[in-house]
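Please consult the sequence and the structure shown below while reading.

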Amino acid sequence: MNSDTGPSALVDLALAGAAILLAVVLVVGSSSLPPPRYEPMGSAALPQILAGLIVLFAGWIGAGAVRRRKAGGNEMPSMPGLQSRYKGIAVFATLIVYVLALDVFRASFVPATTLFVTISAHLLSKPDWRKALAFFAFGLLLSSLIFFALTRFFYVDLG
């Protein structure tokens, strides 16, 4: 495997399988949570919704890997921007800083999430100031919608 190309289809299939296993663990773990008393959906709803999304995206990754294997092309094309071998490390480091900002430094959710989405998307794409502005707008919209959903429907205190 060339170091400038993406992961092989087999690695993608392994990732999809591991993600589905994680989703099963989430569903099994959330099944022991108590039923809802006052909230409309209960405490098990969020992990179960997350498990469903994980299965959906794992299926998407797995289907793409199967199509690539059937087409005879095992390798994904290289990605623009940073060298692909450093992209994952940079995004993972950004995720660690994001979690630390929220947990340790008690950063506000919307600004921290907006910044995280903007930086992560910028790292994964070809650097361009117009794209950076679009990523910022998307990050702001996404973080605001997540904040609204978590605080209004799931009664999670993000303050």
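Where is Arg106 found? Arg106 lies in the loop between H3 and H4; helices (H or I, at least four residues) and strands (E, at least two) are DSSP runs, numbered from the N terminus. This is a predicted model, in which local features need pLDDT of at least 70, side-chain atom pairs count only at pLDDT 80 or more, and totals for chains, interfaces and linings use all residues. Residues are numbered from 1 along each chain as its sequence is written, and side-chain values use heavy atoms, with hydrogens and water left out.

- Arg106 has a positive phi of about 55° although it is not a glycine.
- Most residues other than glycine have a negative phi.
- Arg106 counts as exposed because its relative accessibility is 63% (buried means under 20% relative accessible area, exposed over 50%, partly exposed in between, with a 1.4 Å probe and protein chains only).
- Val104 is also found in the loop between H3 and H4.

**Aromatic pairs**

- The structure holds four aromatic pairs (rings of Phe, Tyr and Trp, the last by its six-membered ring, pair if their centres lie within 6.5 Å; planes under 30 degrees apart count as stacked, over 60 as edge-to-face and the rest as tilted).
- One of them is the stacked pair of Tyr98 and Phe116, with 4.6 Å centre to centre and 15° between the planes.
- This pair links distant parts of the chain, since Tyr98 belongs to helix H3 (residues 84-103) and Phe116 to helix H4 (residues 109-124), 18 residues apart.
- Both Tyr98 and Phe116 are buried.
- Phe148 and Phe153 form an edge-to-face pair, with 5.8 Å centre to centre and 90° between the planes.
- Phe148 counts as partly exposed because its relative accessibility is 43%, and Phe153 counts as partly exposed because its relative accessibility is 48%.

**Second largest pocket**

- About 230 Å³ of space lies in the second largest pocket (on a 1 Å grid over the protein atoms alone, a pocket is an open set of points where a 1.4 Å probe fits, with protein on both sides within 12 Å along at least five of seven lines; lining residues have an atom within 4 Å of a point).
- Its lining consists of Leu46, Ile49, Leu50, Leu53, Ala149, Leu150 and Phe154.
- Helix H2 (45-71) and helix H5 (129-152) are the elements that give two or more residues to this lining.
- H2 gives the most to the lining, with four residues.

Technical notes. Points joined across faces, edges and corners; volume = space filled by probe spheres on them.
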